Each structure stands twice: as C-alpha cells, then as structure tokens.
Amino acid sequence: MTTNYSKDIQIACGALLLAVAEADEILEMDELEAVQDILIDFFNIMPQDASQILEESRHMRKHGTGLFEPGKLLNQTFDFEEKLDFIHCIYEVGYSDGALHHLEDFVIKQIANVLHIEQADLVHARSEVRNWFK
C-alpha cells in the first residue's frame, strides 16, 4: 500500500484489526504483533508510527461506536480492491494465533458487511489466508 492515507484511516484500520484480535476476549501476543506488522506493511509506515497508531486504535476501540465508525471511514476512502486487501489482513489477524475462533469469524463477517463485501469474496479471502497458515 501507500502512505497517502490519513492517520484517521490508519487508526480506523487498526481499530478493526483489534476488534478481530479481541473478539475471543484473549488478546494473544501473536495477534498484537500481526496487527502491528499489518499496519507497517499495509500503510508502508515505520514501526514506531505503527505503535502510535495501535495505541490510538485501542483508544478508538475503547471510546468509539463499535465497527460502524471505522468502517464508514474506510468505505469513504478505500476502493473495492483495497477493501478486499484489508479483509485478507483481517483474516491474517484471525489466524495468527493458530486458529480462527468462531467469535473472530463472526466479527470479520460483521466488518465485511459494513465494508459491503459480498459473501463469495469473503469466503474466497478466508480460504486464501487459511492456506497461507497451513
């Protein structure tokens, strides 16, 4: 990806990634590292910038309005391909601790709904990412 995205978009992405990581109410170190690595790679930012984004994303999760607020920001900014790329990233977080918990899968489906991702595209993304972790 590129660095042309605003900090608000980066924070919104971080909040959605954290929503998946926290879905099973156990935030594993593998999941937290996956979120940070995704922020670094997806936005082409430095690790210290990703750490700051992560902290602000945590704040958004704690004080925000759930999945809709960050999802709305992404809908206003991302095109369809960027949304699909992001869905792959979200599944990476889900699988980063070794298995996709059913609550993580539920949150991913909610995020996909907010981002207007079709079921077929979601299933394809899940299958691709699951194969990466085999």
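Which residues does L17 touch, not counting residues up to four places away in sequence? In this predicted model, where local features need pLDDT of at least 70, side-chain atom pairs count only at pLDDT 80 or more, and totals for chains, interfaces and linings use all residues, L17 touches V35, I38, L39, F86, C89, I90 and V93, a contact being defined by heavy atoms within 4.5 Å. Residues are numbered from 1 along each chain as its sequence is written, and side-chain values use heavy atoms, with hydrogens and water left out.

L17 belongs to the largest nonpolar core, which has 47 residues, and is listed there with L39, L74, F86, I87, Y91 and I111 as having the most contacts inside the core. A nonpolar core is here a set of buried Ala, Val, Leu, Ile, Met, Phe, Trp, Tyr and Cys residues joined through side-chain atoms within 4.5 Å, where buried means under 20% relative accessible area, exposed over 50% and partly exposed in between, for a 1.4 Å probe and protein chains only. Two or more residues are given to this core by each of α1 (7–21), α2 (29–43), α3 (47–63), α5 (80–95), α6 (102–114) and α7 (119–132), and α1 gives the most, with 11 residues. Helices are DSSP runs of H or I with at least four residues, numbered from the N terminus. In soluble globular proteins, nonpolar side chains tend to be buried together.

The axes of α1 and α5 come within 8 Å and cross at roughly 35°, the axes being lines fitted to C-alpha atoms over the stretch in contact and the angle running from 0 to 180 degrees between N-to-C directions. The crossing is right-handed, in the sense that the near helix is turned clockwise from the far one by less than a right angle. On the α1 side, C13, L16, L17, V20 and A21 take part, and they meet F86, C89, I90, V93 and G94 of α5. By class, this contact has nine nonpolar residues, one polar residue and no charged residues, with Ala, Val, Leu, Ile, Met, Phe, Trp, Tyr, Cys and Pro counted as nonpolar, Asp, Glu, Lys and Arg as charged, and the others, Gly among them, as polar.

Five salt bridges are counted, each requiring a side-chain nitrogen of Lys or Arg within 4 Å of a carboxyl oxygen of Asp or Glu. K7 is paired with E56, the closest N and O atoms being 2.8 Å apart; this pair links distant parts of the chain, with K7 in helix α1 and E56 in helix α3, 49 residues apart. K7 is partly exposed at 37% relative accessibility, and E56 is likewise partly exposed, at 27%. A salt bridge also joins the side chains of R61 and E22 (3.1 Å, N to O); because R61 lies in helix α3 and E22 in the loop between α1 and α2, the pair ties together parts that are 39 residues apart in sequence. Within helix α3, E55 and R58 are three residues apart and thus separated by about one helical turn, and their side chains meet at 3.3 Å, N to O.

E25 lies in the loop between α1 and α2 and is exposed, with a relative accessible area of 75%, while H116 is found in the loop between α6 and α7 and is exposed at 56%.
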